[in-house]
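Me: I have a model open and want to go through some of its packing. Can you take my questions one at a time?

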Amino acid sequence: MSRITTKNLSLQVKITFIYILANILIFIVNIILFFGINEMTNKMNMVYTENLKLNHLAESLTDVQNNMNEYLNTKTSDSLENYYRSEQYYTILIEDLTVNVSNRSFDRMERNIKYMSEEYLDIVNQAIEAKRGRNVEKYRVYNENATILYEYIQTNIYSLNNEQFISNTENYIEISNSFRLLETVSLFVLFIVILGNVLMIILLVGTLIRPLKELSKKADEVANGNFDIEPLEIIAEDEIGVVTKAFNQMIISIREYIEQLRLSMEKERNLKEKELLMETHLKDAQLKYLQAQIDPHFLFNTLNAGVQLAMMEGADKTSEYVRHLAEFFRYNIKKRPDVVTLKEELELIDNYIYILNVRFSGEIHFIKEIDSSLIDIKIPSMILQPIMENCIQHGIRSMKGNGEIVLSVFKENDNVCISIKDNGIGMDESVISNILKGDYVGEKEHSNGVGMDNVIKRIQLFTESNEAIAITSEGEGKGTTVNIFLHI
Amino acid sequence: MKRKKYFHLYIVIITILLLILSIGIFLLQYYLYSVQEMREETSYNNYYVLIANNNTSSFWKSIYEGALEAGEENGTWVELFGENLPKKYTRNELMKMAIYSNVDGIIVEADESQELTELIDEATELGIPVVTIYSDNTKSERCSFVGIGSYNMGREYGKQVVKIIKEKKLENNEESTIMQPTKVAVLLNAYAKDSGQNILYSAIQEIIDMEENMSVDLSFITVDDTNAFSVEETIRDIFMTSELPDIVICLNEVNTNCIYQAVIDFNKVGEVAILGYYDSEAIVKAIERNVIYATLSVDANQLGKYSVEALDEFHVLGNTSQYFTTDIQIIDKDNVKDHVRGEEYE
């Protein structure tokens with residue numbers, strides 16, 4: 001219960017509480033000491049009061065005796081009055097005496113004095129009465145008795161007084177010693193209590209201030225740029241607690257904000273990079289083709305003239321060959337968008353193969369296994385022809401016997417796979433990985449212009465995946481397969 | 001959370017520490033306070049006083065101790081009256097004081113004086129029971145007498161006298177034929193006119209008469225005990241005279257001590273046989289040294305005890321037995337060893 005309450009207290013209340021607690025403790029100890037010392041002092045003062053009382057009693061008794069004698073001597077009304085007054089007073093005084101019988105001789109003597117005094121007053125009264133009644137014989141006897149008794153009482157009072165004085169003196173020394181002891185102990189206790197108090201204040205204030213210290217340490221860290229810190233523990237719901245909470249929230253918010261900023265920046269950067277690369281590669285490809293073009297319109301028109309000349313001469317095969325050649329160049333010369341359909345690319349391949357077969361008198365067997373439903377998918381332009389060219393240039397041309405290229409398009413899971421497989425010389429793993437990384441340096445003089453590295457980059461950019469193109473070879477002389485995976 | 005706990009712990013520990021300190025101070029004060037009150041007092045229901053002529057002798061101290069002990073058992077305080085007073089009062093004055101002080105009972109060493117009889121009667125009239133102790137006041141209204149049976153005492157002394165005479169006869173056997181009466185003196189206190197002494201006298205005489213061939217001259221020497229130092233003076237006077245008794249019988253402790261000292265001082269050891277009274281350390285030592293022939297051991301404690309019991313009984317029943325007697329025992333050379341040892345044990 002107290003935990004909840006102290007937790008919710010404000011710093012001011014807590015500090016005030018500590019201060020008040022410390023003060024109250026010192027106050028209590030002081031009060032106790034004060035009472036102790038006070039009591040001692042009272043006792044010291046009380047020591048000799050008994051003696052004073054007894055002296056008083058003795059004086060008062062003497063008064064009674066003197067007044068009685070005075071009256072018996074003179075019989076004046078003044079002396080009678082005095083007698084009555086002193087007698088009254090003495091009666092009051094002896095009222096206070098104890099009648100208790102105890103093993104203390106004081107008490108017993110007091111008791112005896114009381115009884116003897118009562119007897120004495122009685123006798124004195126009788127003497128006075130006898131005097132008033134002029135009974136001379138009687139008042140003499142009473143007077144004698146009273147005087148004897150008076151003397152007894154005085155002796156007893158004297159003795160009691162004396163004994164009490166001795167005892168009180170002993171007591172006084174004892175009390176006085178106790179007093180000294182109490183003084184020393186009190187001083188010591190006060191010292192201990194103050195020490196304890198200081199210790200308590202140090203501990204309590206330390207406990208209060210500790211979260212603040214930690215907060216300042218963390219704040220310092222944050223100021224030095226380290227946002228990656230543990231959130232601070234909230235110890236109490238006071239002002240420091242509130243500040244700590246706010247600080248924690250602030251750190252989290254700052255961290256979130258920075259993360260967001262970083263993500264968006266990265267996204268933008270990626271986008272730009274991709275765009276730029278695409279553009280660069282395309283430009284590169286186009287440039288290469290433009291370089292390779294020797295006045296394409298002139299070439300194209302010339303080739304068309306060749307077709308017609310061959311037809312007029314009846315050379316059908318030549319006519320067909322030149323037509324394909326013209327088609328092939330037309331595709332290359334055409335101003336194309338970045339992305340074309342698979343069908344267009346396949347037509348280009350057909351023309352290319354035809355030309356090559358005429359050139360190399362039908363050395364290449366070209367087999368197409370195409371899922372006709374897939375021919376309308378979009379692919380980057382000028383992809384398949386460079387691959388095919390590579391197959392022929394590096395795979396088939398160097399080998400003996402008939403080369404064979406199988407082009408298959410099929411669906412695999414969610415991808416469309418375009419596979420180009422030759423039975424050429426194949427290649428080893430290191431060459432494959434170099435090609436894929438774009439590091440391969442080979443003889444470029446045979447190339448038609450667009451390199452494999454350009455093709456690979458464009459496919460990767462188009463698909464946004466590094467796994468979009470795969471080259472596999474089972475080793476020397478066992479051919480090479482190039483697979484392109486495109487998302488539908 | 002952990003720190004929170006510590007926070008509470010600090011407060012609790014320090015508060016407890018301070019509380020312990022405070023309580024410590026409080027207890028210390030209480031202790032100091034109680035040290036002063038150490039002489040705690042017990043209250044008593046009854047208040048008896050013991051009045052003796054010579055209350056400083058060990059005989060009377062022993063009586064007082066017996067009385068005090070017996071009294072404390074029944075909630076009674078017994079006071080050796082006049083002990084605290086600066087002035088030395090006579091027994092009769094103390095009697096008066098006790099009567100005026102309205103005590104619950106008086107135990108007094110009495111004699112047969114008229115004055116005392118009157119005082120005892122006055123006390124009894126005022127409802128204060130009086131027990132006479134050691135010696136009686138037969139004419140008074142005292143409720144009881146606690147003492148040693150004088151007859152028994154006389155017989156014991158008589159036996160000792162006979163024994164001494166017989167021993168003497170054996171010593172100087174032939175001379176004894178010329179019979180000279182043995183002089184036996186009994187020391188009596190002046191004004192001690194109580195009948196007890198007469199009984200004592202006749203008891204001694206009776207024992208002597210039973211023996212044949214024994215002539216004894218039994219006489220009294222009166223010792224003046226009215227003044228403070230007169231006893232000693234009187235006893236010395238006896239030794240100044242030529243006629244020394246052969247056997248001296250003492251009837252109280254002080255007389256015994258005086259005779260014993262006088263015999264030594266006058267170099268009469270062996271000539272005078274002393275029959276003492278009471279078994280104080282000094283007297284027992286004197287028997288060991290053969291200065292005192294024998295002594296009568298009285299159970300003084302018992303005397304005190306009986307007197308308190310008599311007063312208690314009177315308070316409860318309104319009357320009590322008229323006489324209480326205590327045991328007596330003779331101590332002489334033969335059994336003195338046991339006594340010394342016995343005393344040591346005490």
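Reply: What follows covers a helix pair and then a sheet. This is a predicted model, where local features need pLDDT of at least 70, side-chain atom pairs count only at pLDDT 80 or more, and totals for chains, interfaces and linings use all residues. Residues are numbered from 1 along each chain as its sequence is written, chains are lettered from A and ligands numbered from 1 in the order in which they are written, and side-chain values use heavy atoms, without hydrogens and water.

Me: At what angle do H4(A) and H5(A) pack?

Reply: About 165°, with the axes of H4 (residues 77-95) and H5 (residues 105-132) of chain A 10 Å apart. Axes are lines fitted to C-alpha atoms, for helices over the stretch in contact, and angles run from 0 to 180 degrees between N-to-C directions. Helices (H or I, at least four residues) and strands (E, at least two) are DSSP runs, numbered from the N terminus. That makes H4(A) roughly antiparallel to H5(A) (an angle over 145 degrees).

Me: Which residues make the contact?

Reply: Among them are Leu80(A), Tyr84(A) and Ile94(A) of H4(A), and Leu121(A), Val124(A) and Arg132(A) of H5(A); contact means heavy atoms within 4.5 Å.

Me: Switching to the sheet: what is the strand order?

Reply: S3-S5-S6-S8-S7 in chain A, an open sheet of 5 strands with mixed pairing. Two strands pair if DSSP finds at least two bridges between them. S3 (364-370) and S7 (469-473) of chain A are at the edges with a single partner strand each, so one side of each has no neighbour in the sheet.

Me: How many bridges join S3(A) to S5(A)?

Reply: 7, and the two strands run parallel. Glu369(A) has Ser408(A) as its bridge partner in S5(A).

Notes
Parallel < 35°, antiparallel > 145°, perpendicular 65-115°, else oblique.
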